[in-house]
Amino acid sequence: MDNDSGGSGVLPFAGSDLVLSPSQWSSRVVGKISSWIDLDSEDEGVQKDSEIALKQEIAWASHLSLQACLLPAPKRASCANYARCVNQILQNLNNMQLYLRIPLGKSDDEAENGDADDMDEGPIDSWELWNSFRLLCEHHSLLSIALDVMSLLPLANSLGRWFGEPVRAALIHTHSFLINARGFPCLSKRHQNLLTGFFNHSVQVVISGKPVHNLPRGTSGSGSNSTPSSIEVIQRHPIRSYLDYVGYLYQKMDPLPEQERFEIGYRDFLQSPLQPLMDNLEAQTYETFEKDTVKYIQYQRAIGKALVDRIPDEMASTTTTVLMVVGAGRGPLVRASLQAAEETGRKLRVYAVEKNPNAIVTLHSLVKLEGWGNLVTIVSSDMRCWNAPEKADILVSELLGSFGDNELSPECLDGAQRFLKEDGISIPSSYTSFIQPLTASKLYNDVKSHKDLVHFETAYVVKLHRVARLAPSQPVFTFTHPDYSVKKSNQRYKKLYFEIPRDTGSAMVHGFAGYFDAILYKDVHLGIEPSTATPNMFSWFPAFFPLRTPVCIQPGSPLEVHLWRCCGSTKVWYEWCVTSPMVSPIHNSNGRSYWVGL
């Protein structure tokens with residue numbers, strides 16, 4: 001080929017598309033765009049040649065149906081022309097991902113020492129470089145990151161930001177490796193922890209560079225005493241020892257716990273929240289909840305403690321406690337209540353109140369099967385409308401949602417409170433919701449893909465995985481039961497301030513995680529708030545409140561968030577907004593997009 005022909009008619013050198021089969025091209029190859037390309041060069045000729053070459057190489061990759069192409073890192077902090085060209089290309093791509101190569105920043109010490117940097121303008125937070133490029137390309141879902149992992153890593157909080165970003169590959173240069181006592185390559189503890197995080201987030205790890213250590217020949221350092229043949233030594237790839245070490249790190253990872261394996265299919269999958277009053281739950285939903293043994297063990301403990309407090313030992317054989325399970329479903333709380341009574345030696349009379357006629361059928365069958373006919377009375381009614389024949393000593397319910405009150409537990413229990421004795425006990429006795437700012441690029445793009453307002457104003461339920469939690473969660477709304485206050489209202493408003501740690505650097509807030517923590521009775525609690533979460537419980541995934549426009553937070557800058565719980569005659573809904581460092585619209589005004597029906 002003639003390299004002096006101006007470039008306009010020169011195809012990227014690739015030999016032929018016949019070198020591999022179409023399925024091999026599409027499944028086993030990631031294209032690498034020429035590293036000399038510089039669309040923001042001061043030289044206009046270099047700019048033009050770079051644009052021509054970039055588009056030609058991408059066209060060739062598209063022709064081969066490659067799964068992805070690796071774009072060179074921006075040469076400088078100001079990369080608008082590069083981003084413009086990439087954005088044009090993205091508009092015409094169907095499935096191929098573009099991985100933008102981003103250096104994984106310097107450590108703070110490097111920045112202070114003023115070491116040379118690839119960027120013309122000097123040291124820059126590499127996340128800022130990615131963020132400006134991403135914003136110029138309108139958060140396009142086909143634009144991802146390939147991180148160049150350096151020998152010196154940023155601080156832990158700074159690293160944590162990347163787990164909420166669309167990192168698809170991590171390139172570990174051979175210079176980043178150390179040598180262990182046996183003379184084989186290894187990584188520092190911080191690098192090992194980082195790679196473990198990448199493995200957990202399905203980030204592809206790539207070894208880059210040439211061998212830079214005098215490695216023992218013929219073995220990988222895996223501990224094998226076997227001596228390979230001379231042919232095997234000759235055929236061994238020069239950087240195979242580095243790759244073997246990365247494979248060793250992967251192999252020694254702890255296996256996923258059973259709960260995580262069960263939840264893996266739900267990771268980052270947005271689900272619409274339940275409408276428990278408007279809709280009747282299906283059998284499959286009941287079955288999933290009923291498998292959560294940890295939850296019912298906690299309920300059983302709480303009920304047992306309440307029974308003992310309610311009835312002294314000397315009255316246990318003569319006094320019967322009236323317990324009402326409101327929202328009994330297919331009976332797991334009825335079973336937990338009767339088992340608690342048996343454990344504590346207390347006599348119990350149970351009313352199982354349930355509005356779903358399909359669940360009532362199963363309840364009748366359960367009572368007959370277990371021989372509970374003399375102990376349990378089944379009531380087919382909405383708890384808010386039922387006229388109880390007597391008042392209850394203990395009122396038990398499992399009406400909590402991912403955000404505590406988002407499945408209308410306050411409204412339901414307000415209606416049921418009238419048949420609780422004045423000194424009666426409610427289980428749960430209180431619950432508090434929490435929110436936490438997140439970087440969640442995948443969730444944001446999934447919501448954005450619907451191209452409407454409604455989905456940005458919906459509070460979802462989601463198993464959070466590819467997210468970065470930017471600050472500790474804070475409490476929002478608390479409800480206590482029973483509530484005998486005169487001017488009772490379930491409307492709430494809360495203003496919160498979050499401080500992102502300075503050593504995190506700048507970060508993008510795509511929305512907020514929602515959690516709850518409930519006190520069932522005294523010291524028995526149940527919840528999903530990360531710092532106090534009940535282990536091995538899977539009935540609830542966190543809530544997610546998206547932002548229509550993500551908010552970029554600078555180091556040390558406070559994030560001011562407002563959240564409302566609004567009540568109407570037929571529905572309850574949330575509204576939310578950000579007022580600092582920028583002002584967002586109030587999301588879901590008047591419940592126009594998302595509400596829970598009464």
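On a 1 Å grid over the protein atoms alone, a pocket is an open set of points with protein on both sides within 12 Å along at least five of seven lines, while a cavity is a set of points where a 1.4 Å probe fits but cannot get out; lining residues have an atom within 4 Å of a point. Grid points are joined across faces, edges and corners, and a volume is the space filled by probe spheres set on the points. This is a predicted model, in which local features need pLDDT of at least 70 and side-chain atom pairs count only at pLDDT 80 or more, whereas totals for chains, interfaces and linings use all residues. Residues are numbered from 1 along each chain as its sequence is written, and side-chain values use heavy atoms, with hydrogens and water left out.

**The largest pocket**

The largest pocket has a volume of about 1,000 Å³. Its lining is made by 45 residues, and L274, L281, T285, F289 and E407 are the ones that lie nearest its centre. Two or more lining residues come from each of helix 11 (283–290), helix 12 (293–310) and strand 10 (347–354). Helices (H or I, at least four residues) and strands (E, at least two) are DSSP runs, numbered from the N terminus. Helix 11 gives the most to this lining, with 6 residues. By class, the pocket lining has 21 nonpolar, 14 polar and 10 charged residues. Here Ala, Val, Leu, Ile, Met, Phe, Trp, Tyr, Cys and Pro count as nonpolar, Asp, Glu, Lys and Arg as charged, and the others, Gly among them, as polar.

**The cavities**

How many cavities of 30 Å³ or more does the structure hold? There are 4 of them. The largest cavity is lined by residues that include I37, D38, K75, R76 and Y82, and its lining divides into 6 nonpolar, 1 polar and 4 charged residues. Among the residues that line the second largest cavity are W130, H139, H140, Y444 and H510. Helix 5 (126–136) and helix 16 (441–448) are the elements that give two or more residues to the lining of this second cavity, and helix 16 gives the most, with 3.

| Space | Volume |
|---|---|
| Largest cavity | about 60 Å³ |
| Second largest cavity | about 50 Å³ |

**Two helix pairs**

Now look at how helices meet. Axes are lines fitted to C-alpha atoms, for helices over the stretch in contact, and angles run from 0 to 180 degrees between N-to-C directions. The axes of helix 2 (residues 44–63) and helix 3 (residues 80–91) come within 11 Å and cross at roughly 25°. Helix 2 and helix 3 are therefore roughly parallel to each other. Angles under 35 degrees count as roughly parallel, over 145 as roughly antiparallel, 65 to 115 as roughly perpendicular and the rest as oblique. On the helix 2 side, the residues that meet helix 3 include L54 and I58, and on the helix 3 side they include Y82 and V86; contact means heavy atoms within 4.5 Å.
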